[in-house]
Amino acid sequence: MINTYFDNAATSYPKPPEVAGYISEYLNKSGGTYGRGSYPRILESSRGVETVREILAEKLGTRKAENVCFTSNATSAINTILSGLKLHDCHILISPMEHNAVMRLVSEICRRNNVSYDIMPHNLDGTADIRNLSLFIKPSTRLVIVNHQSNVNGVIQPIKEIKKQIGEIPILVDLAQSFGHTDLKIDGWDIDYAAFTGHKGLLGPSGTGGLFCKDPENVSPLILGGTGSRSESFEMPSFTPDKFEAGTPNLTGIHGLLGALKGYPEPMHDHADLTALMDEISSIEQIKIYRSKEIASQGPLFSITHEKHNSSQLAAILYSDFGIEVRAGLHCAPLAHQTLGTFPSGTVRFALSPYHKKEDLRYLLNALKRISK
Amino acid sequence: MKLVAIFRSTRDTIKADRLCRENGLSCKVIPVPKEISSECGVALEFSTEDEEKASALLTKESVRYSFHRI
């Protein structure tokens, strides 16, 4: 059976069967809360949460698992970090491929707190121009924000090199699209802040995600409330993860994420198959493809525009004639489309998952060829 | 006389419990005794003979704790 779902950058499908299995097990059998008591049901649930935290820390490339804190998604993680830094009267440098999860908040902070931002110098595919990056750093620059993997053309930014260029200025990395697909070395790259989601590259359920803070004392919590610790105090605990985890966590979702991490499949295609697919699509006369210039900096998604059909029409034809599910338009990333020259009409995006086989990619290619005849 | 270790967070308690189990150190998860705190969380109970071993392990793994003899 052909896998016609190519919208994995929106949310992953299918999930490993373990996701539903672990959720069912949690809801029907273990079912306890996190902390706040000592009976076995609580301990089992709490151990599940901490196992996920440990695995995520390892995958993120950090030894500081306590600084990996659960949130409901990457957007809430970004909101926690950007709001918690209390930026005012300063300058922010951002990558040219930012999603509105960052842009809407940055715009609000600029409006309210006398903050300005610049877009870092970049190449045509949206990758940062490392050689000229230092020219955009000002004495007042307090934060650099980088979308690690674009949700429009899949380009992966050179985080390690960017951090080297900006030195002591803190960096926030949006891992929403890259986590699960790309090797991460949070400690090795000296990353200060990161945000991630559980339902995309990790193949977990929606409603899961998290943040990482190298120095949590620099960030105020966004949500205040009970943590099951320091309960005698009206103040939030200053230590992580409790500082950023007020309220009962999404235990159902986190156990589903544990299922995803345990049952993550061996990819059914490789990077060469993706590259070959993009090369073949590029050769179709009516199609323009948007991808990284460098094969090694390409994540598992790319976009196209078509001479004869706008993006909405093309997406509709792909579904009605071939059952192929994709996302058309601006992908909540108008800045990325401005950078690529596809604003405001947008593109059609194809986002793969480890479950796509070579024959699924061939099916997609043939559909695009037939539409372009 | 019992040796009770209390931790500042659920994460630290669960981590300490795992580390002790992985290192063959016997401990029991108990509610935080009322003599120590009115906290609603959990604590670990050790044999008093294991204080040195438990202390060395938790310190090595950077887990913050405090011991109480009750």
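Predicted model: local features only at pLDDT ≥ 70, side-chain atom pairs only at ≥ 80, totals over all residues.

Me: How many residues of chain A and of chain B are in contact?

Reply: Begin with the counts and the area. Here 21 residues of chain A are in contact with 16 residues of chain B. About 1,500 Å² is buried between chain A and chain B, with 55% from carbon and sulfur atoms. Ser38(A), Arg47(A) and Phe239(A) supply 30% of what chain A buries against chain B, more than any other three residues.

Me: What is the count of salt bridges between chain A and chain B?

Reply: There are four salt bridges between the two chains.

Me: Which residue forms a salt bridge with Asp17(B), and where do the two lie?

Reply: For a single pair, read the distance, then the location, then the accessibility. Asp17(B) pairs with Arg47(A), the closest N and O atoms being 2.4 Å apart.

Me: Is Asp17(B) buried or exposed?

Reply: Asp17(B) is buried, because its relative accessible area is 3% and the cut-off for buried is under 20%. Arg47(A), at 29%, is partly exposed. Asp17(B) also forms a salt bridge with Arg21(B), at 3.3 Å between the closest N and O atoms. Both lie in helix H1 of chain B, four residues apart, about one turn of the helix.

Me: Which residues are linked in a network of salt bridges?

Reply: The network links Glu50(A), Arg53(A), Glu54(A), Glu245(A), Arg11(B), Arg18(B) and Glu22(B). Within it, Glu54(A) and Arg18(B) form a salt bridge with their closest N and O atoms 3.3 Å apart.

Definitions and conventions: Residues numbered from 1 in each chain as written. Chains lettered and ligands numbered in written order. Heavy atoms only, no water. Contact = heavy atoms within 4.5 Å. Buried area = accessible area lost by both parts, 1.4 Å probe. Salt bridge = Lys/Arg side-chain N within 4 Å of Asp/Glu carboxyl O. Buried < 20%, exposed > 50% of the residue type's maximum accessible area, 1.4 Å probe, protein only.
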